[in-house]
Each structure stands twice: as structure tokens, then as C-alpha cells.
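Hi everyone, thanks for making time. I'd like to walk you through one structure today, so please have a look at it on the screen before I start.

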Amino acid sequence: MSINEVNGAGNSNNHGYTKVTVKDKDSGQSFVIDFKNAKIKGNEAEWTVKDGKVYGKDGKEIQGNELEVTKYQAALIKAAAGGDGDGKRLDTKDLVGGMYGELAEAELQKAKSEYHVAKDDYNKPSSSMGYDADALEHGKIYANVENAKGEKGHLEIQFMNDEQAQAKTQEKAWYEFWK
């Protein structure tokens, strides 16, 4: 038995991991990452990765478990997965705090993206290099980016705890809880 068989690497729906293809819709390039159950939000797009499947904003399953993202979003996901030095899995071991901003900026440059991680002048003393990006201990990874034209972008990954992962993919509206 190999170490990958023991820890479940590469197996879809094993220990809460889902094999996801992240595709840069601009270049067509893609890479595969094993995601822990999570919700991912971009500027407009939103996905849920859970139980071996990927769901769109509308709660419908996305065939092939493919996230079609922009170049900067692909770079930010790659940087998030590399937080623990692995790069093949995206989970709570990747929660590296303010260091994520440096990883994200390096990955954006490597991808030759026109975007850069935005500066956070307000929290600059506490955040590494003053980047508006973080990988927080409560399971949230986020980055705000901007380009020379002043266009802004955002990516947020929120890991789900076991209770959240058990819940239905389609959330109820707040008023439906009293019906």
C-alpha cells in the first residue's frame, strides 16, 4: 500500500476531498487540485465543492467538476493550495495567514496576470507586506486584486466544517425557516 492510498490523495470524495479541475477561461490552461469541502466566490461567480462534486451558484451540479475562472482567480487558487508547500491539495493546512498575500502576488506574476494583490494601507502594520489578502485560521482565504486600469477583482474560499458540509447545497432563504 502506497502513502497516497493511505492518505487518500488523488481519490475523489475521500475524506471530504473532491478532485477539481481549475480552468483558466482566457488561456484554456488547467490544473487539478483536491479541494476540501468549501465555498468559492469570485466577483460574480460562486461555487460549492462538496462530497465529490462541484455545484454552481444555482445549486446545479457542474459536470466534470470544472471551475472555469479568470487568469487571476486561477493564480489565486494555485497560491492558496501552495500555502503548505504541497500545491496538490487545498485544505486547512494551507491557512498561512498574511503569508498568503506574498504567495498570491508571486503566483500572479508567474501567470503573467495584469492583476496584482491590492495594498491594504489600513491594516499594513499587521499584514505581511501590506497585501489585502489573508488565509485566516477560521478557514477563510481571500484576496483582493486590481490592475493598472483600476479594475478590481476578488476571490474568497471558505472551508466548510462537517455540519455545513452535511447541509443541503441549496440554502433556504431566511424566512423559510419559520414555515
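Let's start at Tyr115, which is buried, with a relative accessible area of 13%. By buried I mean under 20% relative accessible area, while exposed is over 50% and partly exposed is in between, using a 1.4 Å probe and protein chains only. Keep in mind that this is a predicted model, where local features need pLDDT of at least 70, side-chain atom pairs count only at pLDDT 80 or more, and totals for chains, interfaces and linings use all residues. Residues are numbered from 1 along each chain as its sequence is written, and side-chain values use heavy atoms, with hydrogens and water left out.

So which residue forms an aromatic pair with Tyr115? A search of the whole structure finds one aromatic pair, and the partner in it is Tyr72. The pair is tilted, at 4.7 Å centre to centre and with 45° between the planes. For the terms: rings of Phe, Tyr and Trp (its six-membered ring) pair if their centres lie within 6.5 Å, and planes under 30 degrees apart count as stacked, over 60 as edge-to-face and the rest as tilted. Tyr72 lies in helix H2 and Tyr115 in the loop between H3 and strand S8 (116-117), so the pair ties together parts that are 43 residues apart in sequence. Helices (H or I, at least four residues) and strands (E, at least two) are DSSP runs, by the way, numbered from the N terminus. Tyr72 counts as buried too, at 6% relative accessibility.

That brings us to H2 itself. Helix H2 covers residues 71-81, and nine of its 11 residues are buried, so the helix is largely enclosed by the rest of the structure. Its buried residues are Tyr72, Gln73, Ala74, Ala75, Leu76, Ile77, Ala79, Ala80 and Ala81.

What does H2 pack against? Helix H3, residues 99-110: the two pack at an angle of about 135°, with their axes 8 Å apart. Axes here are lines fitted to C-alpha atoms, for helices over the stretch in contact, and angles run from 0 to 180 degrees between N-to-C directions. That angle makes H2 oblique to H3. The cut-offs are under 35 degrees for roughly parallel, over 145 for roughly antiparallel, 65 to 115 for roughly perpendicular, and oblique for the rest. The crossing of H2 and H3 is right-handed, meaning the near helix is turned clockwise from the far one by less than a right angle, with anticlockwise being left-handed.

On the H2 side, the contact is made by Tyr72, Ala75, Leu76, Lys78, Ala79 and Ala80, and on the H3 side by Tyr100, Leu103, Ala104, Glu107 and Leu108. Contact means heavy atoms within 4.5 Å. Sorted by type, these residues divide into nine nonpolar, no polar and two charged. Ala, Val, Leu, Ile, Met, Phe, Trp, Tyr, Cys and Pro count as nonpolar, Asp, Glu, Lys and Arg as charged, and the others, Gly among them, as polar.

Now let's step back along the chain from H2. Thr70 lies in the loop between S6 and H2 and is buried, with a relative accessible area of 19%. Not counting residues up to four places away in sequence, Thr70 touches Asp24, Lys25 and Asp26. Over in strand S6 we find Glu66, partly exposed at 29% relative accessibility.

Next, a bit of backbone. Most residues other than glycine have a negative phi. Asn65, though not a glycine, has a positive phi of about 50°; this residue lies in the loop between S5 and strand S6 (66-69) and counts as buried at 11% relative accessibility. Asp51 has a positive phi as well, of about 55°, and is found in the loop between strand S4 (46-50) and strand S5 (53-55). Asp51 counts as partly exposed, at 41% relative accessibility.

One more stop: Ala38, in strand S3 (residues 38-41). Ala38 is buried at 0% relative accessibility. Leaving aside neighbours within four places in sequence, its contacts include Trp47, Ile157 and Phe159.

And the whole picture? The protein chain has four helices and 11 strands, and buried residues make up 42% of its 179 residues.
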